[in-house]
Amino acid sequence: MSRNAESTAFRSALEVVRGVEPRVADAIAAELADQRESLKLIASENYASPATLLAMGNWFSDKYAEGTVGRRFYAGCQNVDTVEALAAEHARELFGASHAYVQPHSGIDANLVAFWAILADRVESPALRKAQARQVNDLTEADWFALRRELGNQRMLGMSLDAGGHLTHGFRPNISGKMFDQRSYGTDPATGLIDYDRVAEAAREFKPLILVAGYSAYPRKVNFRIMREIADSVGATFMVDMAHFAGLVAGKVFTGDFDPVPHAHIVTTTTHKSLRGPRGGMVLCGPELADQVDRGCPMVLGGPLPHVMAAKAVALAEARRPDFADYAQRIVDNAQALADGLLRRGATLVTGGTDNHLVLIDVSGYGLTGRQAEQALLDSGIVTNRNSVPQDPNGAWYTSGIRIGTPALTTRGLGAAEMDATAELIHTVLSQTTPGTGPDGAPSKAKYVLDPAVAESVGKQAADLLTPFPLYPAVDLG
Ligand SMILES: *Cc1c(COP(=O)(O)O)cnc(C)c1O
């Protein structure tokens, strides 16, 4: 596609939107401008390709297609079948999975589909078997009562939120922490690393039905072969949520023991983080769970988003190209350069470094809360998010950490030299920010003091760093 075609496509689209609600067109254009100008270090974000973005804005959005390819509850789904089958084929080939279900609207939806597929497969319930055999009318009220009690009280062991796990891995305020009898494993307080012996011990004691691995804020590889052995030793189904690092699996940076696909019974992911696709989710599994997973609708989901499945097919096709492996390797090289740059300047990092796409700075070393650090960095043109650190004394709102990640900046083309410069900017802001006080003079976990001249100077340097790496260089909105 010519560069000119990209410009024309986005310009024309905005012109059409502007004709109806100009404020929406303006907000879309402003979002591109903001993204172009900010040093985006949010570990869960990326920049999807123009082809991926454009595949979403079309008539597929109008189509209902409950069911699966070739077995729909609606007529006229032949074109949706085409894109769903293509997305699933690319996913299977890319990850070496025997089955792919590409309908989940998000990572959380993918996890809910996986949980219910596992429950439906594993829970020994005569009522459930009747329901599945489509003898729903034979079920008595007592059967339904038993079914709810049995399905709702199964055991799940996942990584705790403050050690880097996700809300859906059993965090109490999330539905996963209520529908399951839940326990969590953390990390070793001394090293910050997963202690597999402790996980094995927790599994032996608790005997979970589901063992979950995967994370949103753990800066290290996970050995999925060992985790599978632990699951097998207690008869648990082993689920991996690779939402954050799917791009590193796709790009073959995580192989062998660190590739979840050959080791897990079921793998879930988002498609918009390191995988660089549209916002969405996906489930991969072997033949044993495939039928249950394909019942995502009606089990959990309603109609799929066919326009997003079209974009998933495009993005997954991109991820199968050789240059994606190069991209994935550069993500990790950049994260390590960023970590090294921060360590050399005296920052404290959870686990002392990284071997994936993210770095977790313990900002208590700078005398700050995560909230103060996040806002001071934002004032200086650096976009990050605050995050708990293990055993965080400041809780999940203020936190003591800043999570930074390299998938987005790597997409723009920044490399090791720019990562070192970025480390310098982050260190400058954090070392020059001091905690503020509340109206009563008491120490505040939110207020902070940063000389505006420092923020401005860092902001300018951050912008200069980005100048040689324009975002969507072919797109000129005029
Ligand atoms: C981001 C994330 C999710 C949730 O994805 P959404 O698309 O935001 O619902 C689930 N699991 C993990 C590990 C994540 O990092």
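Modeller: Before we start, contact here means heavy atoms within 4.5 Å. Also, this is a predicted model.

Biologist: Fine. Which residues is L211 in contact with, leaving aside its neighbours within four places in sequence?

Modeller: On those terms L211 touches L157, Y185, V199, M227, I230, A231, A236, T237, F238 and M239.

Biologist: And which residues have the most contacts inside the largest nonpolar core?

Modeller: L211 again, along with F95, M227 and L284. That core has 60 residues. Helix α4, residues 78-95, supplies the largest share of this core, seven residues. At least three core residues come from each of domain 1 and domain 2.

Biologist: What lies apart from that core?

Modeller: Another core, of 35 residues. L409, A423, L425 and V458 are among them.

Biologist: Back to the domains. Where are their bounds?

Modeller: Domain 1 covers 59-319 and domain 2 covers 325-466. Their C-alpha centres are 31 Å apart. In the contact between them, domain 1 takes part with 23 residues and domain 2 with 25 residues.

Biologist: Which element gives the most to the lining of the largest pocket?

Modeller: Helix α2, with five residues. The elements giving two or more residues to that lining are α1 (3-18), α2 (22-37) and α3 (50-56).

Biologist: What is the phi of R276?

Modeller: Positive, about 65°, although R276 is not a glycine. R276 is in the loop between β9 (266-270) and β10 (281-285). T351 also has a positive phi, near 70°, and is likewise not a glycine. The loop between α15 (322-344) and β11 (358-362) holds T351.

Biologist: Is T351 buried or exposed?

Modeller: T351 counts as buried because its relative accessible area is 16%, and the cut-off is under 20%.

Biologist: Last one. How many bridges join β15 to β16?

Modeller: Three, and the strands, residues 434-437 and 443-449, run antiparallel. P435 has Y448 in β16 as its bridge partner. The two strands form a hairpin with five residues between them. In the turn, G441 has a positive phi of about 85°.

Note on methods. Residues are numbered from 1 along each chain as its sequence is written. This is a predicted model: local features need pLDDT of at least 70, side-chain atom pairs count only at pLDDT 80 or more; totals for chains, interfaces and linings use all residues. Side-chain values use heavy atoms; hydrogens and water are left out. Two strands pair if DSSP finds at least two bridges between them. Helices (H or I, at least four residues) and strands (E, at least two) are DSSP runs, numbered from the N terminus. A nonpolar core is a set of buried Ala, Val, Leu, Ile, Met, Phe, Trp, Tyr and Cys residues joined through side-chain atoms within 4.5 Å. Buried means under 20% relative accessible area, exposed over 50%, partly exposed in between (1.4 Å probe, protein chains only). Domain bounds come from an automatic or database domain assignment.
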